[in-house]
Amino acid sequence: MVLLTLIPLGFVVVYSLDLGVGELWRLLDRPRTAELLSNTTRLTVAAMLTCATLGTAAAWLVERTTLPAPRVFNALLAAPLAVPAFVNSFGWLSLTPRVEGFGGALVIVTLSYYPLVYLPVAAMLRGLDGGLEETAHALGLGRARTFARVVLPQLRPALLGGSLLVGLHLLAEFGALQMLRFPTFTTAIYDQYQSTFNGPAASALAAVLVLGCLLLLLAELRVRGDHRYARVGGGAARPLPRTRLGATTIPALASLSILVVLALGVPLGSLVHWLIAGSSTAFPLGTLTSTALTSIGLGLAAAAATSLCAFPLAWLCERHRGPLSTVLERSTYFGSALPGIVVALAFITVTIRYARPLYQTTAMLVAAYVILFIPRAMISQRAAIAQAPSMFDDVAHSLGVGALSRLRRVTLPLIAPGVGAGAALVFLAVVTELTTTLLLAPIGTKTLATEFWSNSSSIAYGAAAPYAALMVVISAPATLLLTRQLGRRAS
Amino acid sequence: MSDLRVRGATKRFGATRVLEGVDLDVAAGELMAVLGASGCGKTTLLRLIAGFEPTDSGTIALGRDVISGPGRHVPARVRRVGYVAQEGALFPHLDVSRNIAFGLTRRLRRERARVTELLELVGLDASYATRYPHELSGGQQQRIAVARALAPGPSVVLLDEPFASLDANLRQGTGRAVTDALRAAGATALLVTHDQSEALSLADRVAVMHDGRIVQVDSPQHVYRRPVDPAVAAFVGGSVLLPALLDDGVATCALGDVRVAEAEGFHGPGSIERGRPVQVHIRPEQIDVLDARERDGVAAQVVDVSYFGHDADARLLLGDGQVVVARVEGSVVPAPGSHVRLVVRGAVRAFPVANGGVATRVPRGGAAPSWR
């Protein structure tokens with residue numbers, strides 16, 4: 001299982017070693033590579049900064065000020081997660097072609113990914129001990145200095161963790177950037193692969209991309225590992241006083257509303273527009289149904305497979321914590337943080353060379369989904385298993401209940417909700433997944449994402465819209481779940 | 001209900017020896033408290049009896065059945081041992097009635113009467129049956145946990161610090177309700193705790209445990225009045241130790257001549273030896289603080305006072321520089337710096353002098369001091 005998750009990483013390493021440093025350099029030493037590197041780095045760094053700023057500011061307004069209707073805003077600000085980035089860029093692009101290029105790409109990816117910062121920072125702000133800030137005030141610090149010296153340091157794990165997650169998503173982002181004609185490593189790998197069919201150039205680019213991901217991952221592990229801000233001492237945390245907005249209430253409301261309109265209103269509005277405009281052409285009910293069923297079927301299969309694979313690992317990590325379980329957990333994490341395009345490339349190469357019959361099968365596609373999304377299942381399952389500590393086993397044991405009966409009457413009922421939530425998250429991710437599906441789906445297998453993609457690539461906006469709308473509708477409930485989970489993780 | 005016998009039980013985790021030959025007898029229907037500081041091995045002893053861990057050597061028997069012994073480890077689920085964990089460990093997905101009925105057979109689980117009977121036993125209304133654990137207070141959760149443990153009619157009930165996580169004001173009432181339920185059920189019970197007042201007030205007998213061994217098993221009064229050594233004495237209550245010379249049942253120390261209770265702890269011919277150096281152990285409440293104008297007793301000066309309301313601990317400086325603690329009534333607290341006279345009331349304990357030297361220990365406040 002763990003070995004499976006390491007296939008993509010292993011592929012890149014082995015391939016690079018195989019090629020040799022000289023050859024690798026020859027492949028990469030081109031003006032085109034420099035441009036890709038510059039594009040990728042610029043966009044990643046810029047988007048991490050804009051998401052961090054936007055996410056923190058929005059979180060502060062919602063959680064720590066007297067802004068009206070904070071709950072409504074909390075839901076609305078997290079909702080863009082339900083709209084895949086490539087649907088978002090479709091929405092913008094179908095309105096105006098001016099969003100192509102760096103500026104447009106930055107705006108759109110920021111609007112798509114700022115919730116990854118917003119959610120953990122908001123959860124952190126919610127969980128802060130107001131007593132600390134009061135202490136700072138009592139020590140003579142003003143409001144601004146208290147925020148800088150007391151609040152911000154405590155937000156650091158959430159802020160950095162969220163930003164690095166944004167970075168990882170951007171390195172992997174394909175659909176949105178391809179649509180906006182902003183070439184990065186990921187889109188270039190795809191183009192290389194399409195034109196030369198898995199040429200060495202694509203793999204060389206993949207090696208650079210993987211290096212970038214690993215750097216971000218190491219940074220994230222450091223952020224997660226080093227800093228745990230526990231509250232010192234017992235007693236209840238003091239509730240937080242909210243900052244009075246007063247005259248600034250209207251501007252604050254307006255700016256958050258504009259953010260919601262841009263991030264949610266524009267893509268959904270343009271979907272509705274094209275649904276209506278496109279209905280003049282024949283509504284392809286048959287294809288729509290069959291692709292939706294394919295997407296749902298793949299989602300269910302992947303959710304089941306991922307949950308099954310994740311469970312032994314989650315159990316090991318919660319119940320038998322030790323060096324071995326840590327290594328196993330970390331390796332699935334590394335394997336899964338790689339961009340979908342690298343995972344897809346690795347699977348294609350490996351199956352063509354060593355497992356030809358598996359090439360272009362649904363099984364392989366599902367296996368790739370398992371690798372990509374296993375951490376989502378793991379997080380939920382671990383939380384669930386932690387709800388059923390071994391103390392319950394002891395009690396059940398002493399009451400004369402055997403192992404099987406204990407599983408049925410105690411363990412399963414307690415962990416079922418968490419396992420289900422994890423499966424739902426995997427389902428959501430699979431339904432909106434584009435890159436890997438494009439590359440690995442067996443010929444003739446059409447999902448909502450790939451149908452949307454082929455229609456929107458040929459600028460058939462009206463024909464593409466129903467697929468995107470269905471994707472959003474299917475993924476909305478699971479997004480709500482993810483929102484809750486991301487919100488809890490940091491607190 | 002059966003009696004419980006532990007003989008020479010040992011247990012080690014890696015290189016750490018946790019239990020070093022524990023002997024313990026609990027009579028049928030008796031409530032025994034195992035009292036010890038944290039880390040002394042008391043919870044491990046409980047887990048060995050429950051069958052959650054195998055013993056390294058020694059035997060454990062319930063009635064006539066050896067449940068743990070050389071080459072024998074009866075699994076926990078067939079031992080018929082009730083277990084109450086520290087936080088109750090009620091199953092959060094089951095309501096009260098299904099928690100209580102958890103260990104019953106399928107047929108008995110359907111009968112409401114047994115659940116109602118058990119709820120009544122732990123002093124709770126039948127209306128609690130449909131509540132969920134998160135709707136209960138900590139004390140109620142513990143009572144339900146006890147009811148659940150009693151439901152299948154276990155041979156012995158084991159309670160692992162069952163009141164430690166409760167608020168102080170809930171602790172006493174819950175402790176009383178739980179022990180009443182155990183007695184009403186006629187259960188043999190073993191209660192593990194680090195709280196000496198809990199052990200002394202609830203149990204029929206107290207086993208004091210230290211460093212993986214049982215050092216004394218006695219009634220609560222005897223453990224408090226006749227501790228086997230200064231360490232036990234200090235653990236179960238406030239304690240003043242003074243060097244003294246023992247002469248025919250009377251010890252001469254800095255607090256004057258005090259009567260020694262039958263020179264317990266001095267077995268053998270040397271027990272009435274004249275002029276023998278000993279340590280006397282005096283409880284703070286045995287020291288009366290008198291007005292300085294009185295003629296009795298020895299002179300002392302009040303250093304400071306810890307006031308508790310119902311009573312107070314006064315630290316007092318003796319003429320020879322030693323400091324002792326006396327417990328005085330809350331209504332007559334002496335002022336710090338004032339001069340008083342001290343008289344020891346009743347008989348005291350005398351212990352042989354360890355290593356020839358004499359240690360003076362003056363714990364503050366009468367709360368449980370540490371062992372060292």
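The model is predicted, so local features need pLDDT of at least 70 and side-chain atom pairs count only at pLDDT 80 or more, while totals for chains, interfaces and linings use all residues. Residues are numbered from 1 along each chain as its sequence is written, chains are lettered from A and ligands numbered from 1 in the order in which they are written, and side-chain values use heavy atoms, with hydrogens and water left out.

Chain B comes to nine helices and 21 strands, taken as DSSP runs (helices H or I, at least four residues; strands E, at least two) numbered from the N terminus. Its C-alpha atoms fill a box of roughly 75 × 50 × 35 Å along the principal axes. Of the 372 residues of chain B, 49% count as buried; here buried is under 20% relative accessible area, exposed is over 50%, and partly exposed is in between (1.4 Å probe, protein chains only). Among chain B contacts (heavy atoms within 4.5 Å) between residues at least 6 apart in sequence, 69% join residues at least 24 apart.

Turning to the interface, 16 residues of chain A are in contact with 19 residues of chain B. About 1,700 Å² is buried between the two chains, with carbon and sulfur atoms giving 68% of it; this buried area is the accessible area (1.4 Å probe) that two parts lose on being put together, summed over both. On the chain A side, A:Ser398, A:Leu399 and A:Arg409 lose the most area to chain B, together 36% of what that side buries. There is one salt bridge between the chains, the term standing for a side-chain nitrogen of Lys or Arg within 4 Å of a carboxyl oxygen of Asp or Glu. B:Arg47 and A:Asp394 make a salt bridge through their side chains, at 3.0 Å from N to O. Helix H18 (390–398) and H19 of chain A each supply at least two residues of the side touching chain B, and H18(A) gives the most, with seven residues.

Helix H19 of chain A spans residues 403–431 and holds A:Leu407. This leucine counts as partly exposed because its relative accessibility is 40%.

A:Leu440 sits in helix H20 (residues 435–440) of chain A. With a relative accessible area of 1%, A:Leu440 is buried. Leaving out residues up to four places away in sequence, A:Leu440 touches A:Ala344, A:Phe347, A:Ile348, A:Gln360, A:Met364, A:Leu365 and A:Ala368.
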